[in-house]
Amino acid sequence: MKLGSIEAGGTKFVCAVGTEDGDILERMTIPTETPEETIPKVIQFFKQNPVGAIGIGSFGPISVKKTDANYGNILNTPKLAWANFPFLKTIEEALQIPIEFTTDVNAAALGEYTFGAGQGLSSCLYITIGTGIGAGAIFGGEILEGISHPEMGHVIIRRHPEDNFEGVCPYHRDCLEGMASGPAIEKRWGKKGIELAERKEVWELEAYYIAQAIVQYTMILMPERIIIGGGVSNQTHIFTLIQKQVKELLNIYLSQSQFHEGISEYIVPPGLGNHAGIVGGLVLAKKGLEESYSCSG
Ligand code: ADP
Ligand code: ZN
């Protein structure tokens, strides 16, 4: 049976049809406008390309708790047209198939865990460094969540003593996202990240902040691998800088090889490139289909 996937981002929506092996058969990319403009195109795509179930990875914050009344809604996003939009319900009512719903980073984490850089492990964490910063964690095939999905991009980090940048997070100012997202880089240095490729100090400072976050994720969760994706991670030289700073921050406290000679296999780029999210949606869709079978006996 064919499966569907929706990667709902702040700037674009990707819809795809694929297989349970993670292969993409059809794909459509459209800009993210208002729900009234964008959602009918999504529904039309899946009416023309029928699937058995769909997995959605959405920008957030979103409600991911199946027991909550607003489950499947987008919550108080700065993209005002989408605030409180009942995303899951709208798609479900139009297509009448099982729909699974999670964050964009959780979907990407699941994609990487199943078919990418996390394949064969029992846990991994996926971080995106793009317009925002977010992360998702998979343990034993399950997406880690509690009251809601994690918000690992908004952790508090130690400011570099020579960095006076005020930060861009509208809620916390100088949290990780406020100091190290793509827009933070652009505002601090006055140029887009891609134009700053040769400026060593830009990437040293970026690694200084990302490494701190990785140390926190490591200490709290001990995932077997940390995968870094998102636009900013296209500066591939940043991986070595992050690995070095993580090692220095951990010092000799942790003895496992991942934190010493094996660090280049602990902090890695995505195995699926920028398809992690859309492939993860297929994995979610498969879960949704299996759950619907087990519910209907
Ligand atoms: P989004 O987060 O919106 O889904 P991306 O992951 O592509 O999209 O992130 C966009 C951000 O990443 C922008 O702030 C952009 O300036 C930055 N970015 C994209 N490509 C690069 C690059 N090659 N080098 C540095 N920064 C980049
Ligand atoms: Zn924040």
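Here is a short tour, with a few ground rules before the stops.

This is a predicted model, where local features need pLDDT of at least 70, side-chain atom pairs count only at pLDDT 80 or more, and totals for chains, interfaces and linings use all residues. Residues are numbered from 1 along each chain as its sequence is written, chains are lettered from A and ligands numbered from 1 in the order in which they are written, and side-chain values use heavy atoms, with hydrogens and water left out.

**Stop one: the zinc**

Select the zinc ion (ligand 2) and show His154, Cys169, His172 and Cys175. Which atoms hold the zinc ion (ligand 2)? Its protein donors are ND1 of His154, SG of Cys169, ND1 of His172 and SG of Cys175, 2.1 to 2.3 Å away (donors are N, O and S atoms within 2.8 Å of the metal, or 3.2 Å for Na, K and Ca). The four donor atoms make angles of 102 to 122 degrees, and the site is tetrahedral (four donors, all angles between 85 and 135 degrees). For comparison, the ideal angle for four tetrahedral donors is 109.5 degrees. Along the sequence, the spacing reads H-x14-C-x2-H-x2-C. Cys169 and Cys175 are both buried (under 20% relative accessible area, 1.4 Å probe, protein chains only; exposed means over 50%).

**Stop two: Gly190**

Now pick Gly190, in the loop between helix 5 (182-189) and helix 6 (200-221) (helices are DSSP runs of H or I, at least four residues, numbered from the N terminus). Gly190 is exposed, at 61% relative accessible area. Draw a C-alpha distance to Gly52: 47 Å, for 138 residues along the chain.

**Stop three: Tyr253**

Finally, go to Tyr253, in the loop between helix 7 (238-250) and helix 8 (263-266). Tyr253 is exposed, at 65% relative accessible area.

Notes: Helix = DSSP H or I, 4+ residues; strand = E, 2+ residues; numbered from the N terminus. Tetrahedral: all angles 85-135°; square planar, octahedral: opposite > 155°, others 65-115°.
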